[in-house]
Amino acid sequence: RVPLGASSLLLSVLFLFFTFELHKRIISVNNATDITLIQQVIKGDEKALRVIIERYRERLYRLAYSLLGDGAAEDAVQETFIVLWRRARRYDSRHSLSTWLYTICCRECYDEMRRRRRRGKAVEAMPQPVADTNRLEADELLGLLRWATAQLPAKQRIVYQLREVEGLSTEETLLIAKMTPEQVKANLWAARKGVKEKLKEYGIQ
């Protein structure tokens, strides 16, 4: 028989051991590479999925918001992660996970835009911001930039968002937007010009 005191000590040691192992597991998942996480998602690991969601939710929302506006952006992002969970085995490791997620999100946004056109419903317009251009705060400047970007045609918007806001390469952008290098270059040039002209209305050069 194990003495009562020794039994209590053994339980405490076991509790500390399992708590430590669980803590290591959480840290390990949070610090894991995208490749490791997607491999875990393929195995049905929901913790790995949650880490991917936390890692990419904000970036995907910015992309969806630029194309759809606030109302449907969250739905597009949610659908993106549902597709990831269901089709994780289709991930092509020759490309980054971020490229695949942006591609899925872009496709979800295009599908929603097509549904809206069939229903005769336009993408919700972003209201023109009111700002004192003599002393713009950072969030006001960001709001103006979002408004200017929202005035662009969809193809210019997606290229501008991916290249200028998200900082993706031309190669990544053409994969996501399904464009040729020439189309990416042309749409980016037109988008920059369009944004610059809109910002000029506020005296911003």
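**View 1. The crossing of helices H5 and H8 is right-handed.** Right-handed here means that the near helix is turned clockwise from the far one by less than a right angle, and left-handed that it is turned anticlockwise. This is a predicted model, in which local features need pLDDT of at least 70, side-chain atom pairs count only at pLDDT 80 or more, and totals for chains, interfaces and linings use all residues. Residues are numbered from 1 along each chain as its sequence is written, and side-chain values use heavy atoms, with hydrogens and water left out. The axes of H5 (residues 97–119) and H8 (residues 170–177) come within 8 Å and cross at roughly 35°. Such axes are lines fitted to C-alpha atoms, for helices over the stretch in contact, with angles running from 0 to 180 degrees between N-to-C directions. On the H5 side you will find Thr99, Tyr102, Thr103 and Cys106, which meet Glu172, Leu175 and Ile176 of H8; contact means heavy atoms within 4.5 Å. By class, this contact has 4 nonpolar, 2 polar and 1 charged residues (nonpolar: Ala, Val, Leu, Ile, Met, Phe, Trp, Tyr, Cys and Pro; charged: Asp, Glu, Lys and Arg; polar: the others, Gly among them).

**View 2. Thr173, Ile176 and Ala177 are the buried residues of H8.** Seen down the axis of H8, these residues fall within an arc of 85°, so they line one face of the helix; the arc is that of the directions from the helix axis to the C-beta atoms. Buried means under 20% relative accessible area, exposed over 50%, and partly exposed in between (1.4 Å probe, protein chains only). The buried residues of H8 pack against H5, H7 (154–165) and H9 (181–200).

**View 3. Lys178 sits in the loop between H8 and H9.** Just after H8, Lys178 takes a positive phi of about 60°, although this residue is not a glycine. With 63% relative accessibility, Lys178 counts as exposed.

**View 4. Helices H3 (residues 46–68) and H5 have axes that come within 10 Å and cross at roughly 35°.** This crossing, too, is right-handed. From H3, the contact takes in Ile52, Tyr56, Arg59, Leu60, Leu63, Ala64, Leu67 and Leu68. Among their partners in H5 are Leu101, Tyr102, Cys105, Cys106, Cys109 and Met113. The class tally for the contact of H3 with H5 is 14 nonpolar, 1 polar and 3 charged residues.

**View 5. Glu166 is found in the loop between H7 and H8.** Glu166 counts as buried, at 14% relative accessibility. Leaving aside neighbours within four places in sequence, Glu166 is in contact with Arg59, Arg62, Tyr102 and Gln161.

**View 6. Glu46 has its place in helix H3.** With a relative accessible area of 49%, Glu46 is partly exposed. Trp85 lies 39 residues apart from Glu46 along the chain, and their C-alpha atoms are separated by 8.8 Å.

**View 7. Stepping back to the whole protein, the secondary structure comes to 9 helices and 0 strands.** Helices (H or I, at least four residues) and strands (E, at least two) are DSSP runs, numbered from the N terminus. Buried residues make up 35% of the 205 residues. Among contacts between residues at least 6 apart in sequence, 62% join residues at least 24 apart.
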